[in-house]
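Thanks for asking me to look this one over. My notes follow as numbered points, starting with the ligand and ending with a few single residues.

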Amino acid sequence: MKQQLSETSVLNSLRLVKDPDLHRDIVALNFIKDIKIEKNNVFFKIELTTPSCPVKDELKAQAEQAIRDNIENIGSISIEMTSSVRVSPMQLRAELLSGVKNTIAVASGKGGVGKSTVAVNLAVSLALDGAKVGLLDADIYGPSIPLMMGIDERPKMKGQKLMPLEAHGVQVMSIGFLVDPMQAVIWRGPMVSGAVKQFMSDVDWGELDYLIFDLPPGTGDIHLTLVQSIPLSGAVVVTTPQDISLADARKAFAMFQKVNVPVLGIIENMSYYICGHCGHREEIFSTGGGKKAADDLNVPFIGDIPIYTPIRIGGDIGKPIVVLEPEAEQSKTIRQLTRNMAAQLSIQSLSTPTPKIEISL
Ligand SMILES: Nc1ncnc2c1ncn2[C@@H]1O[C@H](COP(=O)(O)OP(=O)(O)O)[C@@H](O)[C@H]1O
Ligand SMILES: [Mg+2]
């Protein structure tokens, strides 16, 4: 039996629509805002937890269908998709980076797996979806973000604070702007984390939905000290499919576990190659390793990125692939993978209990 149009019947219909990642209905998740009814027409907003929602279009279509199926004599249904990124429980507790809602480390057990390439493309993809994004190049031994983002200026001071530089809609700061990597190679752990701490406290990051950290590769003492000094909402581990690289990814996982940083998942880079001439898919470094490692470690597999020459070219000329070739399949793959990561972060935020704030009068 169909119901009459009313705010209650609209909400009852929308209770049938479940967010597949958060496993609850969109009314219970408090996504429905500003219901307005005029004659037999209805308008409302669906406020998601991230503008990078992987199932945005599906949720909108399902919401419309649920109302059509359950309400009598309905006219037009206008749904506005909006978002309000939630503050990660980690950030609520942190004293540093108070304007930043979520911090994500991009890590790898070893260098050369495409960690910086992934960090850059994740950051730009989040910005393209409409999020406010920062990118902090903390790879003291090989800061490559300025080159990959096409920045050759130096950051300026405003009062006591250093201003990030903007490129492709992302606020960027790099340790490479300020220290000589030749000198940094001999730094010990406390010096590295001291420098990175300064990047958190002395840079005017403003309000950000996501701040991405490109960490130095490795899992040694320096890295452990470093990840302990950053209030991290989550980490993604980048790997290539080779065995040695996967063993390193496992070490990175263990490192984050030690410091209680949730691993949002594994990204496999340079997974396969599609021949530009015949379309043949070649699995150069074998395949499925990232997925298997994720299954073994019981963390999500966020996705894989193929080897694609323009990804390398984009890095060299300062135009990440998602802006250099937005219509390429490889870019679409990266955009979707970014949304999978954002969804994992929302899952983390909702599943971790918010710390109780004790107020003493
Ligand atoms: N999927 C890919 N396809 C083609 N080239 C890639 C891909 N990922 C990374 N590269 C290239 O591989 C090199 C190493 O990548 P980089 O992101 O600098 O690795 P890391 O930060 O882990 O040391 C760079 O020249 C980069 O452009
Ligand atoms: Mg790098």
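1. Ligand 1 has 18 residues around it, and those that come nearest are Gly114, Lys115, Ser116, Thr117 and Gly315. A residue belongs to this shell if its C-beta atom, placed from the backbone, lies within 6 Å of the molecule. Two or more shell residues come from each of α4 (115-128), β14 (263-274), β16 (301-307) and α11 (309-317). By class, the shell holds seven nonpolar, nine polar and two charged residues. Here Ala, Val, Leu, Ile, Met, Phe, Trp, Tyr, Cys and Pro count as nonpolar, Asp, Glu, Lys and Arg as charged, and the others, Gly among them, as polar.

2. Please keep in mind that this is a predicted model, in which local features need pLDDT of at least 70 and side-chain atom pairs count only at pLDDT 80 or more, while totals for chains, interfaces and linings use all residues. Residues are numbered from 1 along each chain as its sequence is written, and chains are lettered from A and ligands numbered from 1 in the order in which they are written.

3. On the overall fold, the chain has 13 helices and 16 strands; these are DSSP runs numbered from the N terminus, with helices (H or I) of at least four residues and strands (E) of at least two. The chain is as compact as a globular protein of 361 residues, because its radius of gyration is 22 Å, close to the 21 Å from the globule rule. That radius is taken over C-alpha atoms, and the rule is 2.2 Å times the number of residues to the power 0.38.

4. The chain is divided into domain 1 (7-83) and domain 2 (89-351), with bounds from an automatic or database domain assignment. Their centres, taken over C-alpha atoms, are separated by 33 Å. Eight residues of domain 1 are in contact with 13 residues of domain 2, where contact means C-beta atoms within 7 Å. On the domain 1 side, the touching residues are four nonpolar, three polar and one charged.

5. β6 pairs in the parallel sense with β12 (residues 208-214) over six bridges, and with β13 (residues 234-239) over four bridges; pairing requires at least two DSSP bridges. To find these pairings on screen, look for Ile104 with its bridge partner Ile212 in β12, and Ala107 with Val237 in β13.

6. Leaving out residues up to four places away in sequence, Lys45 touches Lys33, Asp34, Glu80 and Thr82.

7. Two backbone angles deserve a glance. Most residues other than glycine have a negative phi. His23, however, has a positive phi near 60°, and Leu97 has a positive phi near 55°. His23 is in the loop between β1 (18-19) and β2 (24-25) and counts as exposed, because it has 11 C-beta neighbours inside 10 Å. Leu97 sits in the loop between α3 (89-93) and β6, and counts as buried because it has 21 such neighbours inside 10 Å.

How values were computed. Contact = placed C-beta atoms within 7 Å. Buried ≥ 20, exposed ≤ 12 C-beta atoms within 10 Å, placed from the backbone.
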